[in-house]
Amino acid sequence: DGRAKFVRGWLAAADGRPLTQFTSGDDMIVRMEVESTRTIEKVDLAVVLQSMYGMRVITSWTPEVGYVGTIRPGRQVFECRFKNVKLRPGHTVLVDLWMASGAPIDFVERALVVDVHGDDRHTKLSTAGEQGVVLCDYDWREVPADEPAGVAP
């Protein structure tokens, strides 16, 4: 509705410097610069990560964590930190930015395009697209045939 607008968004390192790629398993820090000519209280912000095919992968929405934003005249920067994000290396994710206060204020679809890379933690992982976008910790084991069904290890 024009009360404020996103003027810049970037992927940041822990020290705030801009990054050009994301390494799976690290914290993903998205910073967004907002500009307004007025004060707007009780602002909800969201950062949405989507696959290249439009599947929503992760959403961060300030009301879910009890953060209440206030927009002040001028420019200010907000930060969303996704912790220990395990995306499969070889994928690209799209980042949408959203803010509202009663009514939508601004929405930037595909504000960032982030390439996901791996490091030494990922040497055995497949980067094939059909393996999915999200990684999670998992284990495998052989279960004795006489172990009753439904018994957890």
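## Overall composition

A contact is taken here as heavy atoms within 4.5 Å of each other. On that basis, residues 24 or more positions apart account for 70% of the contacts in the protein chain with a separation of 6 or more. The model is predicted, so that local features need pLDDT of at least 70 and side-chain atom pairs count only at pLDDT 80 or more, whereas totals for chains, interfaces and linings use all residues. Residues are numbered from 1 along each chain as its sequence is written, and side-chain values use heavy atoms, with hydrogens and water left out.

Read from the N terminus, their order is β-β-β-β-β-α-β-β-β-β. Of the 153 residues in the protein chain, 38% count as buried, where buried means under 20% relative accessible area, exposed over 50%, and partly exposed in between (1.4 Å probe, protein chains only). The accessible surface of the protein chain is about 9600 Å², and carbon and sulfur atoms hold 50% of it; these areas come from the Shrake-Rupley method with a 1.4 Å probe, and for residues only the protein chains shown count as cover.

## The sheet E1-E3-E7

Three strands make up an open sheet in the order E1-E3-E7, with antiparallel pairing, two strands being paired if DSSP finds at least two bridges between them. E1 and E7 stand at the edges with a single partner strand each, so one side of each has no neighbour in the sheet. From one strand to the next the twist averages 20°, with axes fitted as lines to C-alpha atoms (for helices over the stretch in contact) and angles running from 0 to 180 degrees between N-to-C directions.

Strand E3 (residues 28-36) is largely enclosed by the rest of the structure, because seven of its nine residues are buried. Its antiparallel pairing with strand E1 (residues 4-12) extends over eight bridges; within this pairing, Phe-6 has Val-34 of E3 as its bridge partner, and Gly-9 stands opposite Met-32, also in E3. Nine bridges connect E3 to strand E7 (residues 74-82), again in the antiparallel sense, and here Arg-31 faces Glu-79 of E7.

## Strand E4 and its partners

Nine of the 12 residues of strand E4 (residues 40-51) are buried, and E4 is therefore largely enclosed by the rest of the structure. With strand E8 (residues 92-101), E4 pairs in the antiparallel sense over eight bridges, and Ala-46 has Trp-98 of E8 as its bridge partner. Strand E6 (residues 69-71) is joined to E4 by two bridges, likewise antiparallel, with Ile-71 of E6 as the bridge partner of Ile-40.

A further antiparallel pairing, of five bridges, links E4 to strand E5 (residues 56-61), and in E5 the bridge partner of Val-47 is Ser-60. E4 and E5 form a hairpin in which four residues lie between the two strands, and Gly-54 in the turn has a positive phi of about 85°.

## Individual residues

Thr-92 belongs to strand E8. Leaving aside residues up to four places away in sequence, Thr-92 touches Gln-50, Ser-51, Met-52, Val-113, Val-114 and Asp-115. For Val-114, the separation from Thr-92 is 22 residues in sequence and 5.5 Å in space, C-alpha to C-alpha.

Arg-110 lies in strand E9 (residues 103-117), where its phi, near 55°, is a positive value in a residue other than glycine; at 45% relative accessibility, Arg-110 counts as partly exposed.

## Aromatic rings

The charged end of Arg-8 sits over the ring of Trp-10, 3.9 Å from its centre, the criterion being that NZ of Lys or CZ of Arg is within 6 Å of the ring centre and within 35 degrees of the ring normal. A search of the whole structure for aromatic pairs, by contrast, finds zero.

Notes:
Phe/Tyr/Trp six-rings, centres within 6.5 Å; stacked < 30°, edge-to-face > 60°.
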